[in-house]
Amino acid sequence: MFCYQCQETVGNKGCTQMGVCGKKPRTAALQDALVYATKGLGEVTTSLRAQGAAVDHAVDRLVTGNLFATITNANFDDDILARRVRETCAMTKKLRAGLADAAGLTDAALWEAGDDEAILARAAAVGVLATPDDDVRSLRWLITYGLKGMAAYAKHADVLGRHDKGLDTFMQKALAQTLDNSLSVPDLVNLTLETGKAGVTAMALLDAANTGAYGHPEITKVDIGVGNRPGILISGHDLRDLEMLLEQTEGTGVDVYTHGEMLPAHYYPAFKKYSHFKGNYGNAWWRQKEEFESFNGPVLLTTNCLVPPKESYKDRIYTTDIVGFPGCKHIPGEVGERKDFSALIAHAKACPPPTEIERGQIVGGFAHNQVLALADKVVAAVKSGAIKKFVVMAGCDGRAKSRSYYTEFAEGLPKDTVILTAGCAKYRYNKLDLGDIGGIPRVLDAGQCNDSYSLAVIALKLKEVFGLEDVNDLPIVYNIAWYEQKAVIVLLALLALGVKNIHLGPTLPAFLSPNVAKVLVEQFNIAGITTPQDDLKAFFG
Ligand code: FSO
Ligand code: SF4
């Protein structure tokens, strides 16, 4: 196996024996095959569109589902992955028949999968290392990882009834282009930037879908303690799954708690009517081994956030949608279908209530609408000098010890700075007592990783209010943490919006070749991080 798609890859080079995430070589190979087959499908749909044919939305869903399933910590189930490969190749074959001219298609578009062994044999020749040139490989995979993140966001919008044909068309074309040997390094750099632009569209689409369905996030205090009734813990990012779970648990005597990236669900008005929507339990995804254990009840994983479960609580793990783990129960349900969570509810009733691991409250809900409602206050604080700088500390949390940097950095910030955050990175500092500035909390949590879009909207609005030409003239420092591929699309989207001088940590992606990293440094002034002390000095003097 060779996988280097996440920040925790071995030695910041690549996982070759077994993933740090727990992914085994066979699973990695099946994921390689799935991405390859999906690129082949993208080639055929792109050719079909070029000849004026329409492509069914079911095909778009197959593409986004496949990409989503290969995101870090999403799907560890070999049978599901192999089935998806076969389904994809069958779809490609069917669509290929509609092409006026099939000449010039790559092997990916002509592949007919076969049994598991045939899939694994092909996988060995089509992974990351199949591209010999360092820079071409780097850009192809940077784009592919960005597309995975984009697919996840498109999927979340789709379950809420919003999709954008143009976005699906772009995704499939870009996938196909990562197989195109005629594209030069500059062509691929352009495609990377286009991917970022499409990323902005995807995040705006999801923002509209979320706020359209559930209202605009508003300032909310979320309890982090526990009640005395049994509970179900829901993790991941899918708000539609949460909605169905809340509806079905109402009046059953079972409470619902959020974990990790589901925390921001509490900020949406639509979910506040559920008195059994209790609070948030625990921290970011990587703490789940202890926290799922002590939660005592069933846990629903709606998206990529799954760490291979310990035997002690594995029977309490339920997956849905693109998440999968062998031996864990899977709740079926396609887009638009009602999922049946009765098994989780019955299971919860037979479990003791969660064990308390902390007490208190955290405050969030500072997505663009809420911050803009406070704009007068914020602008006055900036004008009076009470707020000197904003620090965007969005992104991901992870296991790496070096991530204590972010806690120390937050603690060491000058008292006249405000942190803008989104994503699970917030757990490194959202329980510190950083106080407020004239009533404005010093940590403003916009929501999930996709709500980094909100932070960009806020920045663009502030630029307008202050009459600035360039978003980079704002008093904002970007110190972003990344872990998996959704963070890749968030980064590319920020670049597409013209944001420069982003510090990215705890390490730069292993999939950036020295030359590609140089392009990012030269065009966007991207940099890494050093120590909290040195960076604080460099950013704030
Ligand atoms: Fe991932 Fe990062 Fe959203 Fe976390 S991008 S790791 S689970 O912030 O949250 O999906
Ligand atoms: Fe390694 Fe990350 Fe790939 Fe898992 S997803 S195999 S940890 S690089």
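The residues of the shell around ligand 1 divide into six nonpolar, four polar and three charged. Here Ala, Val, Leu, Ile, Met, Phe, Trp, Tyr, Cys and Pro count as nonpolar, Asp, Glu, Lys and Arg as charged, and the others, Gly among them, as polar. This is a predicted model, in which local features need pLDDT of at least 70, side-chain atom pairs count only at pLDDT 80 or more, and totals for chains, interfaces and linings use all residues. Residues are numbered from 1 along each chain as its sequence is written, chains are lettered from A and ligands numbered from 1 in the order in which they are written, and side-chain values use heavy atoms, with hydrogens and water left out.

**Ligand 1**

- Around ligand 1 there are 13 residues, of which H237, C396, C424, C449 and E484 come nearest. A residue is near a molecule or strand if one of its heavy atoms lies within 4 Å of it.
- E484 places a polar side-chain atom 2.7 Å from an oxygen atom of ligand 1.
- For H237, a polar side-chain atom is 2.8 Å from an oxygen atom of ligand 1.
- C424 takes part through its backbone: a polar atom there is 3.2 Å from an oxygen atom of ligand 1.
- A polar contact is a pair of N or O atoms within 3.5 Å; within protein, one must be able to donate a hydrogen and the other to accept it, and residues adjacent in sequence count only if both atoms are side-chain atoms.

**Ligand 2**

- The residues surrounding ligand 2 are M1, C3, Y4, Q5, C6, T9, C15, G19, V20, C21, K23 and T72.
- By class, this shell has seven nonpolar, four polar and one charged residues.

**Helix α7 with α8**

- Helix α7 (residues 165-177) packs on helix α8 (residues 185-214) at about 155°, with the axes 10 Å apart. Helices (H or I, at least four residues) and strands (E, at least two) are DSSP runs, numbered from the N terminus. Axes are lines fitted to C-alpha atoms, for helices over the stretch in contact, and angles run from 0 to 180 degrees between N-to-C directions.
- The two helices are therefore roughly antiparallel. Angles under 35 degrees count as roughly parallel, over 145 as roughly antiparallel, 65 to 115 as roughly perpendicular and the rest as oblique.
- From α7, L167, F170, K173, A174 and Q177 meet L188, L191, E194, T195, A198, T201, A202 and L205 of α8. Contact means heavy atoms within 4.5 Å.
- This contact has eight nonpolar, three polar and two charged residues.

**Helix α1 with α7**

- The axes of helix α1 (residues 25-50) and α7 come within 7 Å and cross at roughly 120°. The pair is therefore oblique.
- On the α1 side the contact is made by T38, K39, G42, E43, T45, T46 and R49; on the α7 side, by K165, D168, T169, Q172, K173, L175 and A176.
- Its classes are two nonpolar, six polar and six charged residues.

**Helix α1 with α3**

- α1 and helix α3 (residues 78-96) have axes that come within 9 Å and cross at roughly 20°. That makes α1 roughly parallel to α3.
- The contact of α1 with α3 divides into 13 nonpolar, seven polar and four charged residues.

**Backbone features**

- Most residues other than glycine have a negative phi, and most peptide bonds are trans.
- N12, in the segment before α1, has a positive phi near 50°.
- The peptide bond from G505 to P506 is cis, with omega near 0°. P506 sits in the loop between β15 (502-505) and α18 (514-524).
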